[in-house]
Amino acid sequence: MLKLKTFAKAIVMLGCALAATSGATAQSAPISQEEAHRRALVLLKQMTLDEKIGQMTQSSGVQMPMLGSDRPDDLITQGKVGSVLWLIDVKEINRLQHLAVEKSRLHIPILFGFDVIHGYRTVFPVPLAMASSWDPKVEEEAQRLAGQDARAAGIQWTFTPMVDIARDARWGRIVEGAGEDPYLGSAMARAQVKGFQGEALGPDSVVACVKHFAGYGAADGGRDYDSSYVPEELMENVYLRPFHAAEEAGAGSFMSAYMDLNDVPATGNRWLLTDVLRKDWGFKGFVVSDAFAVASLQVHGFARDPEDAAYKAASAGLNMDMASQTYTKNLAKVVKAGKISEADIDKLVLPVLEVKYELGLFDHPYVDESQVDAVLNRPEGLALERKVAGRSMVLLKNDNHLLPLKRTAKKVAVIGPLADSTRDIEGGWTVEGLFGGATKNHPVTVLAALKARLGADAQVTFVAGPEPQRLYPSLFDMIQGKKPAAPPTDAEAAEWIAKTKAATADADLVVAVMGEGATMSSESASRSSFDLPGIQQQMLETAVASGKPVVLVLENGRPLDIRWASEHVGAILEAWYPGTEGGNAVADVLFGDVNPGGKLPVSWPRVAGQEPLYYNHNLTHEPEDRPQFTSRYWDISSKPLYPFGYGLSYTTFKFDQLKLSKTSVKAGDATEVSVDVTNTGSTAGDAVAQVYIHQRAGSASRPVRELKGFARVTLKPGETKTLKFPLGKAELEFWSPQTKAWGVEPGTFDVWAGEDSTAALHAELAVE
Ligand code: BGC
């Protein structure tokens, strides 16, 4: 008997191996949505209520105390698990899949989900960085590779993209999204969905999960998980826009957010999950809760007990319960009590089955273990990573052309805790990093890259200073009950400062690599201050006091308080967390092999006290530049240190000839904006042309400026390109709180084009 089973297993494995080596698509072309729907209906007819609820259940792949003693093996064979998350061990993935496919009554494969946020083994820059590229195409390429890697390693579903608008950088999850702007955020959302899913779901793509639906970034006080209060007009005009864009791009799944939205938790919010998502937008995929969020409905004081939580989530339109086991333990009771009909359960299960068919999971349930390393170690992964990282960096300051560096520097002092930190350079949410395992692609730090670049005859002195993690323990350390390491003592600090002084006094050039540890942003990582943690500021001041040229390279997940540096340091390069090849990419930019062209996807505050800070605010009747009774702080300007859309280059650009193909249009019709961009410097470089509008009067006040078009272009020295942008219904309409509808209103619109959100080049459009 045993032999027979082993033989059968070998045949299955052989089949899979052949499928993979012959190109997975050869024996099963992607099936159409119609065919997936047909097959899912046939399957659904054979399912018991418990099996249906099983498909609505996602189980944790790691044992956690809150999950009780249920063994996943038993649940899977009983058909009580539709999906598993937090599992990356391919052998275990295959073992569980064999149980589902061979031992459960209906042989329905498990959908394995994971947070492939910015790469799998090859880690790309964090999403905020990729948004800084203002190059959706490059983010699409990155997520395509990440998705293919994940799929080869047994993950068919990624909990990405995070498209939450973040207007408040205290909120640590700003690093996971595209920043503050709905237009840029929508472009990046679309690109990511396309990258992960390809033209259609199939055996080499992963299904995207758009999160966290919705309003999560508006958390009170920037505190992660806290309540959001967002009026409907702001939901429609700002927070929901990237979600809608992702939905229109064909995203297969959504994730409901954790928090209360206007007093109704997002996970039990019928307006969000049914009225907006399904009725208004026509979404046909499925919605999973955030982790344990169905159980949390009770904690929020919204559901009476777990049964009520299951009822409220399912009746709001939530298809799948992530990890809390609330559906599996309670939903059948809700149906039996007649509160939800089995027909309604069918509607919730169907899209889950359809996606499994579309992904080709029924034909390819297993991972070909022999192929995983070959796919994950593809050299093109690292090459692409380096390219994306280079395109994501933002040059914030460059006095007297300090950058690009001259290759003649012989004595270089590299200072700062992040200069040689492999743990930080890839940022948060790295697949293997999450589970404490060493990542198999060894990241290249800035120190390593600089040493390699400067060669053996250069003298590189390194002064690390205490690690920022000594002030901020990681979330995952905390989960495991590890105590934070003791912060540096005064004596230790003094010793580091003395070392900094000695090293910088003796150098031709100082490169300071500073910022926040990667765990200081992302989930559950809000900050009330944007200071450089630890003694980094003192180290930086010591370096500048040496009188040597100082370049500051920042690694961080949110804007930081760099007021002092912006006045005293020669050059500042924002590298965010640039990923596996991050050090090489930083060196490419520092030495001028790559001319930086990234732009800020956030308004850069002076201090945390300015937050929420965003460029697309409404007009006040008393702006700051008036003499008195103005909208101001006593102690600081209300303006950002660097505006949204800002970033320098090693060359300069001129914008002129702003024209509208028609200066007057009927509401609903389009005009075309054209603008000339010229490279006025002596090096080739990338400009990002940005178009902003403002509606002067209407049924509601409109933001001072709103981004409505952008394009990143490469220009040779002296070259001019004429760029054209449509300005029609999609760009001019807004959702009015008075009419409760979308529409273009007649009136005058200001139009600006230029290098950032303060662009001066202006034209006027009349809408009749
Ligand atoms: C996060 C989600 C994530 C999920 C699964 C949650 O804690 O909020 O963004 O996708 O865990 O890992």
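Begin with the lining of the second largest pocket, which by class holds 14 nonpolar, 13 polar and twelve charged residues (nonpolar: Ala, Val, Leu, Ile, Met, Phe, Trp, Tyr, Cys and Pro; charged: Asp, Glu, Lys and Arg; polar: the others, Gly among them). The model is predicted, with pLDDT of at least 70 required for local features and 80 or more for side-chain atom pairs, while totals for chains, interfaces and linings use all residues. Residues are numbered from 1 along each chain as its sequence is written, and side-chain values use heavy atoms, without hydrogens and water.

Next, select Arg278, Phe283, Lys284, Gly285 and Pro351, which lie nearest the centre of this pocket among its 39 lining residues. Helices H2 (33-45), H8 (182-197), H11 (270-280), H13 (306-316) and H15 (342-358) each give two or more residues to the lining. Colour H15 separately: its nine residues form the largest share. Helices (H or I, at least four residues) and strands (E, at least two) are DSSP runs, numbered from the N terminus.

The pocket volume is about 970 Å³. A pocket here is an open set of points on a 1 Å grid over the protein atoms alone, where a 1.4 Å probe fits, with protein on both sides within 12 Å along at least five of seven lines; lining residues have an atom within 4 Å of a point. Grid points are joined across faces, edges and corners, and the volume is the space filled by probe spheres set on the points.

Now move to strand E12 (residues 411-415), where four of the five residues are buried (under 20% relative accessible area, 1.4 Å probe, protein chains only). Show strand E13 (residues 459-463), which runs parallel to E12 and is joined to it by five bridges; alanine 413 stands opposite threonine 461 there. Valine 412 has leucine 509 of E14 as its bridge partner. Strands pair if DSSP finds at least two bridges between them.

Note on methods. Buried means under 20% relative accessible area, exposed over 50%, partly exposed in between (1.4 Å probe, protein chains only).
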